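Take a look at the model below. We will walk through it in short steps.

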Amino acid sequence: MRMSHLVGARYKERPAEATLESHAFLLRGGYARQVANGIYSLLPPGFRVCHKIEQIIREEMDRIGGQEVLMPVVLPRELWEESGRYENVGSELLRIQDRTGHDMLLAMTHEEAVVHLCRYEVHSHTQFPFMLYQIQTKFRDEPRSRGGLIRVREFTMKDAYSFHTSQEDLEACYARCYRAYQRIFARAGIPEVAVVQSDSGMMGGSVAHEFMLLTAVGEDTIVTSEDGSYIANQEVATGIIDGDSEAPLPLEKVHTPDCRTIDEVAGFLGVATRKTAKAVFYDHDSEGKLVFVVVRGDREVNEAKLARLIQAAPVPADEARIRSVGAEPGFASPLGIDREKVRLVIDHTVKSSNNLVTGANETGYHYTNFNLDRDLPGVETVDVVDIEEGDLAPDGKSRIVLQRGIEVGNIFQLGRKYTQSMGMTYDDEQGKAQVPIMGCYGIGVGRLMSSVMEVRRDEYGPRWPITIAPWQVHLNALKLDQPPVREAAETLYLELCAAGIEVLYDDRNARPGVQFADADLLGIPFRIIVGERNLKDGNLEWKRRDTGENGTIPLENAAETIAQWLREAIAQVETAAPESL
RNA sequence: CGGGGUGUAGCGCAGCCCGGUUAGCGCGCCUCGUUCGGGACGAGGAGGUCGGAGGUUCAAAUCCUCUCACCCCGACCA
């Protein structure tokens, strides 16, 4: 590629809307342009990186027996009604109508489409297991997209779906996919991606893992232990939260005027927030009951955990709804509440602490010395709070440290949620109809590109791993108007191209500073500089963008030398990938 | 959806509070010349419905009303 004709301006200045470094470089380097909120076009460099990532994904999915297909972006309402998601998924599902007024939708994921496809194609246990995948556009009408390509509304995703006749078979496939993902991220140049236990969210299913690139700008909170033995998404993380064991004191009702928050109550009574019990209300559980959550005052309700408990999306309840069950906002308490009217959810922390302050369900009054075992005997407690920094890991051996991560991939054991509801069956050995078990496996391509950019860069631009760089070699010719320089550069360019190497040739006769600054923004790992300074000795200069190494090589046979370097550099990245299963 | 902010040339911004020629500046772009190893210099030039609509006024980028878009924080989210 001759750079004089490369489309995509590079900016010297940082665009105002960029927040993350990767976002700034995407715009400054001419990789992507925003069309609307969370909707982007990719320019040639950005598309080339994405295409290479996709190619790695293809190779690894094919290696474990994946079969590539392509399903539609636009799906009819009826298909999603079969699974129940047309009603269950909120406004992030973009619903549209065709010219006849028929309800359609833009797929945000393709479980329905793949089951629709397979239920007509596969009928016998002899055809199992199998895995289909596609690399295709998804649309999710995010309430708030941000961070360049990290979180967008329209994006390209590799989504794979496996079908099995037994849980054991699913688990074997899951393990292969898990390993394939490790290989994909390693080959893309970020072998440090961590695997964490995760929530399966609206997808349903049980076992799920997320592949997280740990970075301060990540949107997810990851709970890790200091000794490295534990790692989980905060949405599912468990741990040991310290309690205390004072002798229970008599329950006492005290006047607490205008103390509606935990901080106000604790301050007024002169106790630590951890010596209080906090009431939080959500509307409503799967049976329509108000959910009354009680956690220790210094702790936060983990809404992902709560959602799994109540089998519904927790929505904070308004004051009228809280009063309707006899509780008093600001002074609410599990003591004396009508348990027929509410779904009482009490966290373990309330049981493991003593003599807590809790509301009296009466404006201006709290109880002190609330002890769950004594005052509400027989109430079961659950885990419904966030694990925080300094708690103990589940094994009790190590302290918890919180980190941030970007989710670059995920894998789920889905079970029969979609095959059951959509009536997919096969005949088993006895000729009896059975419902297959599914797994699903996703990777966001653009998010992966941005994520790599976020962790492989310096102040001047990205430092692409050789395996996903937009081009492999950046050829700079300094003073192109001088015949010897032009001749050497043009010849080398053609030789490199002939050798099958991807070359970006800066043939613009621009000043060196301009060329180098642009080269930094494009982040190509091998830079070859043709300039009169070294050319008079028959040499070329080279520089590694990724490692900073540099030197000179003879012009003669340079293409062969460079080709050899590339093979070695690629091999070096690939050796970081674990063996396939 | 709640709170805050910003819309002026491809990019970054000033001008607005306190209305008044032909709306500026830096970068980028085009032409010519001098330059040339980390974003050169000089000369000349192109490029603007001041986000949109309505209003106030002799006069609106500037004041008022409405509206749209984008950004940030929160809620939400596979």
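This is a predicted model: local features need pLDDT of at least 70, side-chain atom pairs count only at pLDDT 80 or more; totals for chains, interfaces and linings use all residues.

A cis peptide bond joins Phe-128 to Pro-129, with omega at about -10°. Most peptide bonds are trans. Pro-129 sits in the loop between helix H5 (111–119) and strand E7 (130–139). Now look at H5 itself. Of its 9 residues, 7 are buried, so H5 is largely enclosed by the rest of the structure. Among the buried ones are Ala-113, Val-114 and Val-115.

Next, the aromatic pairs. The whole structure holds 13 of them. In one, the ring centres of Phe-185 and Phe-211 are 5.7 Å apart and the planes meet at 40°, so this pair is tilted. Phe-185 belongs to helix H6 (residues 167–187) and Phe-211 to strand E10 (residues 208–214), so the pair ties together parts that are 26 residues apart in sequence.

Tyr-493 and Tyr-505 form another tilted pair, 4.8 Å from centre to centre with 35° between the planes. This pair links distant parts of the chain: Tyr-493 is in helix H14 (residues 483–498), and Tyr-505 is in strand E27 (residues 503–506), 12 residues apart. Both tyrosines are buried.

E13 and strand E18 (residues 365–370) pair over 4 bridges. In one of these links, His-255 has Tyr-365 of E18 as its bridge partner.

Two asparagines deserve a stop here. Most residues other than glycine have a negative phi. Asn-355 has a positive phi of about 50°. Asn-355 lies in the loop between helix H10 (348–351) and E17. With 6% relative accessibility, Asn-355 counts as buried, because the limit for buried is under 20%. Asn-369 also has a positive phi, of about 60°. Its place is in strand E18. At 12% relative accessibility, Asn-369 counts as buried too.

Finally, turn to RNA strand B. How many residues are around it? There are 44, and Arg-140, Arg-144, Arg-151, Asp-520 and Glu-541 come nearest. Sugar and phosphate make up 49% of the RNA strand B atoms that come within 4 Å of the protein. Some contacts can be picked out one by one. A polar backbone atom of Ala-16 is 3.1 Å from a phosphate oxygen of the RNA. The side chain of Glu-142 has an N or O atom 2.2 Å from a base nitrogen. For Glu-303, a side-chain N or O atom is 2.5 Å from a phosphate oxygen. Several elements give two or more residues to this surface, including strand E1 (32–36), strand E20 (400–415) and helix H15 (512–522). H15 gives the most, with 8 residues. By type, the surface near RNA strand B divides into 15 nonpolar, 8 polar and 21 charged residues.

Conventions: Residues are numbered from 1 along each chain as its sequence is written. Chains are lettered from A and ligands numbered from 1 in the order in which they are written. Side-chain values use heavy atoms; hydrogens and water are left out. Two strands pair if DSSP finds at least two bridges between them. A residue is near a molecule or strand if one of its heavy atoms lies within 4 Å of it. A polar contact is a pair of N or O atoms within 3.5 Å; within protein, one must be able to donate a hydrogen and the other to accept it, and residues adjacent in sequence count only if both atoms are side-chain atoms. Ala, Val, Leu, Ile, Met, Phe, Trp, Tyr, Cys and Pro count as nonpolar, Asp, Glu, Lys and Arg as charged, and the others, Gly among them, as polar. Buried means under 20% relative accessible area, exposed over 50%, partly exposed in between (1.4 Å probe, protein chains only). Rings of Phe, Tyr and Trp (its six-membered ring) pair if their centres lie within 6.5 Å; planes under 30 degrees apart count as stacked, over 60 as edge-to-face and the rest as tilted.
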